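Subject: Structure handover

Hello,

Here is the structure I said I would pass on. My notes on it follow below.

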Amino acid sequence: MSKTRNYNPDTLAVMERFFTAIEACKQQKLIKTITAYCAECGIDAPHFYTQRKDRTRGFFEIGWAVPLIRNCGVSSRWLLTGVGSMFAE
């Protein structure tokens, strides 16, 4: 079990955008389910769900977002900075 972690504000903002993008991709059917996304991307699903529920948990890795950028068209600029639109143009 992961201890709580004191993430800096920038990391917390990236994490918030990541979870927002996951939901948007799910709604647009770019990913089937969160469990399937986790399985395909090598993410431990219980860690994903725990991190989503409690942002202070120490499970989040930026590598979780790479498939959203690579496979779903999420803008890396938006994900990291919050600037621009969620999806790359």
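At 72% relative accessibility, Lys 29 counts as exposed (exposed means over 50% relative accessible area, buried under 20%, partly exposed in between, with a 1.4 Å probe and protein chains only). This residue sits in the loop between H1 and H2, and although Lys 29 is not a glycine, its phi is positive, about 65°. Helices here are DSSP runs of H or I with at least four residues, numbered from the N terminus.

Before the rest, the conventions. The model is predicted, so local features need pLDDT of at least 70 and side-chain atom pairs count only at pLDDT 80 or more, while totals for chains, interfaces and linings use all residues. Residues are numbered from 1 along each chain as its sequence is written, and side-chain values use heavy atoms, with hydrogens and water left out.

Helix packing: the axes of H1 (residues 9–27) and H3 (residues 45–53) come within 11 Å and cross at roughly 115° (axes are lines fitted to C-alpha atoms over the stretch in contact, with angles from 0 to 180 degrees between N-to-C directions). H1 contributes Met 15, Phe 18, Phe 19, Ile 22 and Glu 23 to the contact, and H3 contributes Phe 48, Gln 51 and Arg 52 (contact means heavy atoms within 4.5 Å).

Core: the largest nonpolar core has 26 residues, and Phe 18, Ile 22, Phe 48, Trp 64 and Leu 68 have the most contacts inside it (such a core is a set of buried Ala, Val, Leu, Ile, Met, Phe, Trp, Tyr and Cys residues joined through side-chain atoms within 4.5 Å). H1, H2 (34–41), H3, H4 (66–72) and H5 (76–81) each supply at least two residues of this core. The largest share, 8 residues, comes from H1.

Aromatics: the whole structure holds 8 aromatic pairs (rings of Phe, Tyr and Trp, the last by its six-membered ring, pair if their centres lie within 6.5 Å). One aromatic cluster is formed by Phe 18, Phe 19, Phe 48, Tyr 49, Phe 60 and Trp 64. Leaving aside neighbours within four places in sequence, Trp 64 is in contact with Phe 18, Phe 19, Tyr 37, Ile 43, His 47, Phe 48, Gln 51 and Phe 59.

Last, Ile 62 lies in the loop between H3 and H4 and is partly exposed, with a relative accessible area of 47%. With neighbours within four places in sequence left aside, Ile 62 is in contact with Val 14 and Leu 80.

Regards

Conventions
Rings of Phe, Tyr and Trp (its six-membered ring) pair if their centres lie within 6.5 Å; planes under 30 degrees apart count as stacked, over 60 as edge-to-face and the rest as tilted.
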